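Please look over the model shown here before reading on.

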Amino acid sequence: MKKLINAADAVVTDTLAGMAAAHPDALRVDLGRRTVYRATPKDEGKVALVSGGGSGHEPLHGGFVGTGMLDAACAGEIFTSPVPDQIAAATTAVDRGAGVLHIVKNYTGDVMNFEMAAELVAAESGAPVATVVTADDVAVEDSLYTAGRRGVGVTVIVEKIAGAAAEEGRSLAEVAALAQRVSEGGRSMGVALTSCTVPANGRPSFDLPEDEMEIGIGIHGEPGRRREKAASAREIAGRLTEPILAELPDDGGGGGVIALLNGMGASPLSELYIMYAEVAGLLRVAGVAVERSLVGSYITSLDMSGCSLTLVRADEEILRLWDAPVCTPGLRWGR
């Protein structure tokens, strides 16, 4: 194992320390509770957003803390949920009097710990908390880590849209309903060309021969639908796009999609653009209008080579909120 680390058991803390050093004007990092906050809290009377999950998916979630997205992100150990006390402390800290929305990926540990955190907050401070669980992965229904579909790429888009709505001063019920609508309108699927290596393990999480790929892989290395011989970008694009389109909610004649072509951590941007060109061509043939696109590594799996595709139905309101200014370490425009 060759990694730019000091020690396997210090990766999460050292990562957060590096974020604090790199973004001193934008972020405040509580290393003890492993939580990333905005350096300057948003105005009183606005809904706050808290998310989080296991580390190893950077820039998700800490890289999306800032104006137009999250108010706080809680980091667990690599591929391990943050704990309830940690989430509850973050929730209480960011509440500006209008309540807090938890955005949670559908993994058993995350869902359970965020539920417990919401109960702690209700008992201790009484601050209203709403929860939206993302579950967009079409590859599998139920898995080693989930009941139902895994929460993956749509989480980034939910955080962006909900964050913009909160900045506008919408109520907790309104922000939660919008986040739920975006989540339900999105579908994702990924492919792995290599395994990732968890530092504490020191070896690849699973064996994937050089001439094979895993279709439908999870972001923690969970198995997908099947293994196949490695193929061209054009063929892989078809393997991802077709199942997503088969399950993408009907637009009701009202609009196109936001497309996220996401790298899993080790695939260069050149390959992601090659993949996106193939996906865009397939969507054009299918009559699906791409209203906005985002290409890059936004929800990763350490050093896994591969990519995922997320499509989200987008009407005029969602597109307007997508275009709204955002300023975070991992996503920024409009300023």
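The notes below begin with the source of the model and then take its parts in turn.

This is a predicted model: local features need pLDDT of at least 70, side-chain atom pairs count only at pLDDT 80 or more, and totals for chains, interfaces and linings use all residues. Residues are numbered from 1 along each chain as its sequence is written, and side-chain values use heavy atoms, with hydrogens and water left out.

**The sheet**

Helices (H or I, at least four residues) and strands (E, at least two) are DSSP runs, numbered from the N terminus. Two strands pair if DSSP finds at least two bridges between them. Six strands form an open sheet with mixed pairing, in the order β1-β2-β4-β3-β5-β6. Its edges are β1 (27-30) and β6 (129-134); each has a single partner strand, so one side of each is left without a neighbour in the sheet. From one strand to the next, the twist averages 20°. Axes are lines fitted to C-alpha atoms, for helices over the stretch in contact, and angles run from 0 to 180 degrees between N-to-C directions.

Strands β3 (residues 48-55) and β4 (residues 72-78) run parallel and are joined by six bridges. Opposite V50 stands A72 in β4.

Two helices pack on the sheet. Contact means heavy atoms within 4.5 Å. Helix α1 (residues 11-22) touches β1, β2 (35-38), β3 and β4, and its direction makes about 150° with that of β4. Helix α4 (residues 154-167) touches β2, β3, β5 (100-105) and β6; its direction makes about 170° with that of β5.

**Other helices**

Helix α6 (residues 233-247) has 15 residues, and its end C-alpha atoms are 22 Å apart. The expected span is 1.5 Å times one less than the number of residues. Buried means under 20% relative accessible area, exposed over 50%, and partly exposed in between (1.4 Å probe, protein chains only). In α6 the buried residues are I236, A237, G238, L240, T241, P243 and I244. They pack against β7 (186-192), β8 (212-215), α7 (269-286) and β12 (306-313).

Helices α5 (residues 172-184) and α8 (residues 316-323) pack at an angle of about 105°, their axes 12 Å apart. That makes α5 roughly perpendicular to α8. Angles of 65 to 115 degrees count as roughly perpendicular, under 35 as roughly parallel, over 145 as roughly antiparallel, and the rest as oblique. L178, R181 and V182 of α5 make the contact with E317, I318 and L321 of α8.

**Backbone geometry**

| Cis peptide bond | Omega |
|---|---|
| E58 and P59 | about 15° |
| L60 and H61 | about -5° |

P59 lies in the loop between β3 and β4. H61 is found in the loop between β3 and β4.

R34 has a phi near 50°, a positive value in a residue other than glycine. Its place is in the loop between β1 and β2. L302 has a phi near 55°, also positive in a residue other than glycine. L302 sits in the loop between β11 (290-296) and β12.

**Cysteines**

How many disulfides does the structure hold? It holds zero. A disulfide is a pair of cysteine sulfur atoms within 2.5 Å. For C307, the closest cysteine sulfur is in C196, 15 Å away, too far for a bond. C307 is buried, at 4% relative accessibility. C327 is partly exposed, at 24% relative accessible area.
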